[in-house]
Amino acid sequence: MANENLNKLCMDESDPMLNALVRCKHGILLNLQTSWSKLNPERRFWSCPCYGSKNCKFFRWRDKEEVDPRSSFILPRLVNKINELEQELCIRQVHIDNLRNSNLLLERRLNRRLKWCRFNPFNRKILLCILICVVVMFISNQ
């Protein structure tokens, strides 16, 4: 998610290389991408989607541009922060899912207990008869 969105953010609309048609040996039209590595932050390049597999070694830097030192300092930190926040989000989503599951289990247990506490009319009559018998027995013993 991070790299794709950052690529879009860093594309300068007036960059003539954006419209350059670059193809690899497979004939695939390649998009201009942006590197977010610590060594090459904000550096643009083309690479084949099959790079590393199918014996394709097509990789080309847009140019040998110098990177603004401020960008070299801040961009890797921003990328790391985005990655940390995405990991934090995943952890919190798992935690929320666990809480939801535990709440469902508690609700089920509570419903089972409530079923035992609920009396249908027949059970109420039986309970009333038992209660009357106990009261009568208690009074007769005194």
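**Exercise 1. How many aromatic pairs does the structure hold, and how is the pair Phe45 and Phe59 classed?**

Step 1. The structure holds 3 aromatic pairs. Rings of Phe, Tyr and Trp (its six-membered ring) pair if their centres lie within 6.5 Å; planes under 30 degrees apart are stacked, over 60 edge-to-face, and the rest tilted.

Step 2. The ring centres of Phe45 and Phe59 are 5.1 Å apart and the planes stand at 25°, so this pair is stacked.

Step 3. Phe45 belongs to strand S4 and Phe59 to strand S5, so the pair ties together parts 14 residues apart in sequence. Strands are DSSP runs (E, at least two residues), numbered from the N terminus.

This is a predicted model: local features need pLDDT of at least 70, side-chain atom pairs count only at pLDDT 80 or more, and totals for chains, interfaces and linings use all residues. Residues are numbered from 1 along each chain as its sequence is written, and side-chain values use heavy atoms, with hydrogens and water left out.

**Exercise 2. Is Phe45 buried or exposed?**

Step 1. Take the cut-offs: buried is under 20% relative accessible area, exposed over 50%, partly exposed in between (1.4 Å probe, protein chains only).

Step 2. Phe45 has 11% relative accessibility, so Phe45 is buried. Phe59, at 34%, is partly exposed.

**Exercise 3. Which class does the pair Phe59 and Trp61 fall into?**

Step 1. The centres lie 5.2 Å apart and the planes at 90°, so the pair is edge-to-face.

Step 2. Trp61 is partly exposed, at 26% relative accessibility.

Step 3. Ring pairs link Phe45, Phe59 and Trp61 into a cluster.

Definitions and conventions:
Helix = DSSP H or I, 4+ residues; strand = E, 2+ residues; numbered from the N terminus.
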